[in-house]
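Biologist: Hi, I'm new to this one. Could you put it up and walk me through it?

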Amino acid sequence: MLADSFGRVATDFRVSLTDRCNLRCTYCMPPEGLEWLATPELLTVEEIVRLVRIGVEVLGIREVRYTGGEPLLRRELVEIVKRTSAFGVEISLTTNGIGLSRLAQSLADAGLARVNVSLDTLDRETFIKLAHRDRLVDVLDGLSAAARAGITPIKVNSVLMRGVNDHEAVPLLRYCLDRNYELRFIEQMPLDAQHGWTREEMVTADETLARLGSEFSLSESDPRDRGSAPAEQFLVDGGPASVGVIGSVSRPFCGTCDRVRLTADGQIRNCLFAMGETDLRSALRAGATDAELADLWITAVRGKRPGHGIDDPTFLQPARPMSAIGG
Ligand code: SAM
Ligand code: SF4
């Protein structure tokens, strides 16, 4: 069992399959991109499958989410989903959706249970401004393909940036309501490679709710239903449809965090904002047993801090940007 010194149990395993990406979202990556990890630095398929098996069979992991960088860029994604869903654990994917139109059915057949697609705008020019690539159509096609493949629920993640796409909260919600996608707005966190985040510029959960409230009637779902989920859910116009708001910064949920992350190069991170990592890859490649790997992992989680500390004057942004951690 993975538990930290504050009694929080980690059951949600976020596995980054690559740090590469075909977009350059401003809140994540600089327009010129980043230096990618070299292939030998990436965990191999066998290494990923082994760590997921240990997580599930030895350490009580209940959900596995593949992320990145862009996980659809990992050639072996379908194989990884197929082999790890065989462990009887729920497999999900967080993706920018580019290439999902081609792969959605194979992923569903391989056992993918859920998908989160990131979509910050419905306007082509705004997409280009925000993500520095002309790929909006591919993202929307990917979403439709996921629906056709029967993957459910389909969640949509949106990050609003002031003066860029913050006027799109209402259209994004209408778009998702019309298609039965579950929309969640995520507050921008200080995890961009450029270190451009400021608290003053961040669009807060309150602001997003105010914008949505101008067009929809929102009523808060019973907070007891939330559990360890980061999103606060609001019924839209009396339900049953709802919208989520993830106030990572202004309404932190660190007290119920159940996540542990593995980077594409095999480092365990016990928090998005952790300054340290635990090197499972070196141990794996030095011939560690399952029990030794599990012990390293348990020790890593035990050291988790009580919260992200963004409001602390001594807060320092971690060296790895979001794209290299895995959101
Ligand atoms: N490329 C995939 C995608 O965009 O969905 C997976 C990786 S991405 C790092 C995972 C999630 O993190 C996305 O929903 C993205 O919007 C979110 N994200 C990235 N940088 C962020 C930041 N600085 N603050 C809040 N969310 C962020
Ligand atoms: Fe790529 Fe996802 Fe980061 Fe956008 S948020 S640059 S799609 S990793």
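This is a predicted model: local features need pLDDT of at least 70, side-chain atom pairs count only at pLDDT 80 or more; totals for chains, interfaces and linings use all residues.

Biologist: How many cavities of 30 Å³ or more does the structure hold?

Modeller: One.

Biologist: Which residues line the largest cavity?

Modeller: Its lining is made of Leu160, Phe185, Ile186, Glu187, Gln188, Val203, Ala205, Thr208 and Val245. Two elements each give two or more residues to that lining: β6 (182–186) and α7 (205–213).

Biologist: And how does the lining of the largest cavity divide by class?

Modeller: Six residues are nonpolar, two are polar and one is charged.

Biologist: Okay, zoom out. How many helices and strands are in the chain?

Modeller: The chain has 10 helices and 12 strands. Its radius of gyration is 19 Å, close to the 20 Å that the globule rule gives for 327 residues, so the chain is as compact as a globular protein of that length.

Biologist: What box do the C-alpha atoms fill?

Modeller: Roughly 55 × 45 × 40 Å, taken along the principal axes.

Biologist: Now the ligands. Which residues come nearest to ligand 1?

Modeller: There are 18 residues around ligand 1, and Tyr27, Gly69, Glu70, Ser118 and Met189 come nearest.

Biologist: How much of ligand 1 does the protein bury?

Modeller: The protein buries 96% of the 550 Å² that ligand 1 exposes when taken alone.

Biologist: Which elements give two or more residues to that shell?

Modeller: Those are β3 (90–95) and β5 (154–159). By class, the shell around ligand 1 has six nonpolar, 10 polar and two charged residues.

Biologist: What about ligand 2, which residues are around that?

Modeller: Cys21, Leu23, Cys25, Tyr27, Cys28, Gly69 and Asn96. Tyr27 and Gly69 are also among the residues that come nearest to ligand 1.

Biologist: How many charged residues are in the shell around ligand 2?

Modeller: None; five residues there are nonpolar and two are polar.

Biologist: Last topic, the backbone. Where are the cis peptide bonds you flagged?

Modeller: One runs from Thr152 to Pro153, with omega near 0°. Pro153 lies in the loop between α5 (136–148) and β5. Another cis bond joins Gly239 to Pro240, with omega near 5°. Pro240 is in the loop between β8 (232–236) and β9 (242–246).

Biologist: Why point those out?

Modeller: Because most peptide bonds are trans.

Biologist: And what is the phi of Asn180?

Modeller: Asn180 has a positive phi of about 65°, although it is not a glycine. Most residues other than glycine have a negative phi.

Biologist: Where does Asn180 lie?

Modeller: In the loop between α6 (169–179) and β6.

Notes. Residues are numbered from 1 along each chain as its sequence is written. Chains are lettered from A and ligands numbered from 1 in the order in which they are written. Side-chain values use heavy atoms; hydrogens and water are left out. A residue is near a molecule or strand if one of its heavy atoms lies within 4 Å of it. Ala, Val, Leu, Ile, Met, Phe, Trp, Tyr, Cys and Pro count as nonpolar, Asp, Glu, Lys and Arg as charged, and the others, Gly among them, as polar. Accessible areas come from the Shrake-Rupley method with a 1.4 Å probe; for residues, only the protein chains shown count as cover. Helices (H or I, at least four residues) and strands (E, at least two) are DSSP runs, numbered from the N terminus. On a 1 Å grid over the protein atoms alone, a cavity is a set of points where a 1.4 Å probe fits but cannot get out, and a pocket is an open set with protein on both sides within 12 Å along at least five of seven lines; lining residues have an atom within 4 Å of a point. Grid points are joined across faces, edges and corners, and a volume is the space filled by probe spheres set on the points. The radius of gyration is taken over C-alpha atoms; the globule rule is 2.2 Å times the number of residues to the power 0.38.
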